[in-house]
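Morning, everyone. Please have the sequence and the 3D view open while I talk.

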Amino acid sequence: MHSGIENDLIREIHLDLVQARVYLLVTCYGKMSSNTIATKLKISYDEAQKASTDLMTLGAFIDISETEFEAMHPRFTAVNMYRKMCERENIEFKRNKIVDSIGVILEKLYDDARTK
């Protein structure tokens, strides 16, 4: 289910594969530490920490502590990450239906993970 969104994050927002997977994991399951991210995604702690801090810079995550991260609401983050990517790459920012749909699709998963 997430592979389509993962591909959209890579293609439209220019995340790398690890960033896309970390973003989806935390967005869909709630705040977690770099250790938990590394274990769940079978990546190194350093990769998990770097991807999470990169996602903070991109406007997708907030840090709860130095090693614990939470995703911001996907309706805002997908568009914010896209806007920042456009600025970085000197691309005109305009509405992107694929980016909009990422936020819409992830919104329910995001809300469900936070109202257990």
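Leaving aside its neighbours within four places in sequence, which residues is Ile-13 in contact with? They are Asp-8, Ala-78, Met-81, Tyr-82, Met-85, Arg-88, Val-99 and Ile-102. Contact here means heavy atoms within 4.5 Å.

Some ground rules. This is a predicted model, where local features need pLDDT of at least 70, side-chain atom pairs count only at pLDDT 80 or more, and totals for chains, interfaces and linings use all residues. Residues are numbered from 1 along each chain as its sequence is written, and side-chain values use heavy atoms, with hydrogens and water left out.

Next, the core. A nonpolar core is a set of buried Ala, Val, Leu, Ile, Met, Phe, Trp, Tyr and Cys residues joined through side-chain atoms within 4.5 Å. Buried means under 20% relative accessible area, exposed means over 50%, and partly exposed is in between, with a 1.4 Å probe and protein chains only. The largest nonpolar core has 32 residues. Leu-9, Ile-13, Leu-15, Tyr-23, Leu-55, Phe-61 and Met-81 touch the most other members. At least two core residues each come from H1 (2-13), H2 (17-29), H3 (34-41), H4 (45-57), strand S3, H5 (74-88) and H6 (97-113). H2 gives the largest share, 7 residues. Helices (H or I, at least four residues) and strands (E, at least two) are DSSP runs, numbered from the N terminus.

Now helix packing. Axes are lines fitted to C-alpha atoms, for helices over the stretch in contact, and angles run from 0 to 180 degrees between N-to-C directions. Under 35 degrees counts as roughly parallel, over 145 as roughly antiparallel, 65 to 115 as roughly perpendicular, and the rest as oblique.

Take H1 and H5. Their axes are 10 Å apart, at an angle of about 30 degrees. So H1 and H5 are roughly parallel. Leu-9, Glu-12 and Ile-13 of H1 make the contact with Ala-78, Met-81, Tyr-82, Met-85 and Arg-88 of H5.

H5 against H6: the axes come within 7 Å and cross at roughly 150 degrees. That makes H5 roughly antiparallel to H6. On the H5 side, the contact uses Pro-74, Arg-75, Ala-78, Val-79 and Tyr-82. On the H6 side, the residues include Val-99, Ile-102, Gly-103 and Tyr-110.

H1 against H6: the axes come within 10 Å, crossing at roughly 140 degrees. H1 and H6 are therefore oblique to each other. Ile-98 of H6 is among the residues that meet H1. Ile-98 is partly exposed, at 33% relative accessible area. Not counting residues up to four places away in sequence, Ile-98 touches Asp-8 and Glu-12. Ile-98 and Asp-8 are 90 residues apart along the chain, yet their C-alpha atoms are separated by 7.2 Å.

Is Glu-70 buried or exposed? Glu-70 counts as buried, because its relative accessibility is 13%. Glu-70 sits in strand S3, residues 68-71. Its side chain makes a polar contact of 2.6 Å with that of Arg-114. A polar contact is a pair of N or O atoms within 3.5 Å; within protein, one must be able to donate a hydrogen and the other to accept it, and residues adjacent in sequence count only if both atoms are side-chain atoms.

Last, backbone checks. His-14 is not a glycine, but has a positive phi of about 65 degrees. His-14 is in the loop between H1 and H2. Asn-90, also not a glycine, has a positive phi of about 55 degrees. Asn-90 is in the loop between H5 and H6, and counts as exposed at 73% relative accessibility.
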